[in-house]
Amino acid sequence: MIAAHLPALQIVVPLVSAPLCVLLVKARLAYALALVVCWVAFAISVLLLGQVLDSGVISYRLGGWAPPWGIEYRIDPVNAYVLLIVAAIGALVITYAKPSVAREVGSGREALFYTSYLLCLTGLLGVTITGDAFNIFVFLEISSLSSYVLISLGQDRRALTASFRYLIFGTIGATFFLIGVGLLYQATGTLNIADMANRVAPIEGSRTVQAAFAFMAVGLAVKAALFPLHAWLPNAYAYAPSVVTAFLAATATKVSIYVLIRTYFTIFGHDFSFEVMTLGPVLMVLAIAAMLIGSTISIFQDDVKRLLAYSSVAQIGYMVLGLSFDTVLGVTGGMLHLFNHALMKGGLFLALGCVFYRTGSVNIEAMKGLGHRMPWTMAAIVAGGLSLIGVPLTVGFISKWYLLLAAIDSGMWWISIFILMASLLAIIYVWRLVEAAYLSPSPENAPAGEAPLIMLIPTWVLVLANFYFGVDTRVSVGVATRAAEFLLGAGS
Amino acid sequence: MSHHLVVRVIAKLLIPFILLFGLYVQFHGDFGPGGGFQAGVIFAAAFVLYALVYGLENARRIIPDKYIRMGTALGVLIFAGTGVAAMLLGANYLDYSVLAHDPPHGQHLGIFVVEFGVGLTVASVMVAIFFAFAGRGHKIDEMED
C-alpha cells in the first residue's frame with residue numbers, strides 16, 4: 001500500500017517535518033528530525049526511480065481528482081533521475097550540516113534553519129515531481145522563498161543584500177514563468193503538462209503560444225542563472241552559509257534546468273522549440289559565452305566561494321550546450337552534466353565549508369599552506385577541482401566526452417575548441433587554489449587541524465562519487481540516455 | 001497614546017466584533033464568500049489594532065512570540081495532516097472523501113479543517129510580520145536616544 005503512495009510521500013514527508021522543526025525548537029532535535037527525513041526522502045527517490053525503470057511512467061492523483069482537471073504527480077525517467085540527484089544531495093548535505101550550521105548560523109536560529117532547509121528541499125522535489133504547470137510555479141516559489149531565507153542567514157552582512165538581489169531576480173523569473181503558464185492556459189484551457197503538450201501542437205502558429213514560449217524560456221533562464229541572466233548567483237553563493245551554498249549549487253539551478261528541459265521538450269515539443277522558434281543557435285551562443293566568460297571571471301576571484309560560483313555559471317553553460325544540440329546524444333550529455341556537476345560542486349563547496357569551519361575565511365590568502373594544515377580537506381578540493389577540469393577517470397571527463405561526441409555527431413566539431421578552451425581556463429583557476437594551498441607557506445599562527453569527521457565523511461563521499469561515476473558510468477549514463485530518449489520520443 | 005481616550009474606548013469596543021467577524025468569515029466560508037486566508041487576516045487585524053492603540057509591549061504580553069511561532073507551524077501541520085489522515089484511511093493524499101461516512105460530507109469536513117489550518121497560519125504570520133516590523137522600529141528609536 002505504501003508503494004502506491006510513494007509519489008505523495010516524497011513531498012509530504014519533508015513538508016510535514018518542516019513545521020515540526022519549528023515546534024521542536026531545540027537545535028539538536030530539529031537536526032535529528034531533518035536528518036532522518038532527508039534520508040527517508042532519498043530512499044523514496046531511489047524506490048521511485050526503480051519503479052519507473054521497471055514499469056514505466058507513474059501517475060498519482062492528488063486528492064483523488066483525475067487529470068487533466070486535478071493535480072497529477074507524474075514520474076517518468078527524466079524527473080525520477082532529477083529527484084534522485086536532489087534527494088541524494090539533500091541527504092548528504094544535511095548529514096554534514098550540524099557543526100557548520102552551529103558555527104555559521106548561530107544559536108537560537110538553528111531550528112528555523114532546518115525548517116527552511118526542509119521547505120527548500122520540499123520545493124525542489126515538488127517542482128520536479130509534479131505534472132501540473134501551475135503547481136511547478138507554486139513549488140518554485142516554496143523553494144525560492146526558503147532559499148532567500150537560507151542565504152540571508154550568512155554571517156557576512158552582505159548576505160542580506162545578496163539575498164535581496166536574488167529575491168528580485170528570482171521573483172522576476174518566476175513571474176515570467178507564471179505569465180507564460182497563464183498565456184498557455186488561456187490558449188489551451190489546461191494546466192496539466194501532458195494534456196497541454198497535446199493541445200499546443202495544433203495551435204503552434206498562434207502568437208499567444210509563441211509569447212508564452214518566450215516568457216517561459218526567459219523566466220526559467222533567470223532561475224537557472226544562464227548567462228547573461230546570472231547576475232544574482234555569485235553573491236548569493238559567496239555570502240550564504242557554507243551548507244546552503246553546497247545545497248543550492250548542487251540542486252537549485254539543476255531543478256531550473258530540468259524545468260527548462262520540460263518546457264522545451266515536453267510542453268512545446270522539440271519541433272516547435274528548435275525548428276519554429278530556432279532555439280538551438282540562441283542557446284548555443286549563450287552556452288558558449290557562459291562557458292568562456294564564467295571561467296574567465298572566476299580566474300580573477302580572490303574569494304574562493306565566488307570563484308566556484310562563477311565556475312558554476314560556466315558549468316550551467318555546459319548543460320545548456322548539451323540541450324542546444326537537440327539530439328539524443330546532446331541531451332544525454334546535458335542531463336549527465338546535471339548529475340556530474342552536482343557531484344563536483346557539492347563536494348567542492350562542502351570541502352570549502354570545512355575550510356571555513358576551521359579558519360573562518362575562504363579567501364585565497366587564508367588558504368595559503370592549507371595543504372599541510374588540513375590535508376584531507378585540501379585533497380578533497382584538489383580532487384573536486386580535477387573533476388571540474390575534466391581529467392580522465394572523473395565525472396567531469398565523462399560529461400565533456402559526451403558533449404564532444406554530440407558536437408561531432410551534429411557536424412559541429414568546432415564546438416570542441418570552445419569546450420577545450422573552457423577546460424584550459426578551469427585549469428588556471430584550479431591551479432591557483434593548488435598553488436596557494438601547497439606551494440605557499442602558512443601564515444604565522446594559522447589555525448591548523450582537520451574539520452570534524454561528520455563533515456569530512458559526506459564531503460569525501462561526494463568526492464569519491466566523482467571518481468566512481470567517472471569509471472563506472474552504467475548508472476549515470478544509462479539513466480541519462482533513457483531520459484534523453486524519452487524526451488526526444490526516440491525510446492519507450 | 002494614553003491621552004487618546006476616544007480611540008482607546010472605541011478600540012476596546014471594536015476588537016471583540018472584529019474577532020467575531022473573523023470567525024464568521026472563517027467558518028461560514030464554505031457557504032458564502034470567505035475562507036481561511038481572509039479570516040486569518042481579519043483576525044490578525046484585531047491584534048494589530050490592539051498593538052497600535054495599547055502599545056506593542058502590551059500586545060506581546062497577550063500573545064507571546066512563542067505562541068505565534070507555534071501557530072504558524074500548527075496551521076501548516078493541520079493542513080498537511082488532513083491529507084495524511086486521508087492517506088491513512090486508504091485514499092490518495094488530500095482526498096477528503098474518506099474522512100466521513102459519505103464523500104460529500106467527507107469533502108465538507110476536509111475543507112473545513114484545512115481552511116482552519118490556513119486561517120491559523122495566516123493570522124499568526126500576519127501578527128508575526130507586524131510585530132517584527134513594529135519591534136524593529138522601536139529598537140532603532142532606542143538606539144538613537
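Two residues are taken to be in contact if their C-beta atoms, placed from the backbone, lie within 7 Å. The structure is a predicted model, in which local features need pLDDT of at least 70 and side-chain atom pairs count only at pLDDT 80 or more, while totals for chains, interfaces and linings use all residues. Residues are numbered from 1 along each chain as its sequence is written, and chains are lettered from A in the order in which they are written.

Chain A is assigned domain 1 (1-277) and domain 2 (280-492), with bounds that come from an automatic or database domain assignment. The centres of these domains, taken over C-alpha atoms, are separated by 22 Å, and 38 residues of domain 1 of chain A are in contact with 45 residues of domain 2 of chain A. On the domain 1 side, the largest share, 14 residues, comes from H10(A), helices (H or I, at least four residues) being DSSP runs numbered from the N terminus.

The largest nonpolar core has 239 residues, and those with the most contacts inside it include A:Tyr81 and A:Ile85. Such a core is a set of buried Ala, Val, Leu, Ile, Met, Phe, Trp, Tyr and Cys residues joined through C-beta atoms within 7 Å, where buried denotes 20 or more other C-beta atoms within 10 Å of the residue's own. Helix H14 (residues 328-359) of chain A gives this core its largest share, 19 residues. Leaving aside neighbours within four places in sequence, A:Ile85 is in contact with A:Lys254, A:Leu338, A:Phe339 and A:Ala342.

The contact between chains takes 13 residues from chain A and 16 residues from chain B.

Technical notes
A residue is buried if 20 or more other C-beta atoms lie within 10 Å of its own, exposed if 12 or fewer, and partly exposed in between; C-beta atoms are placed from the backbone. Helices (H or I, at least four residues) and strands (E, at least two) are DSSP runs, numbered from the N terminus.
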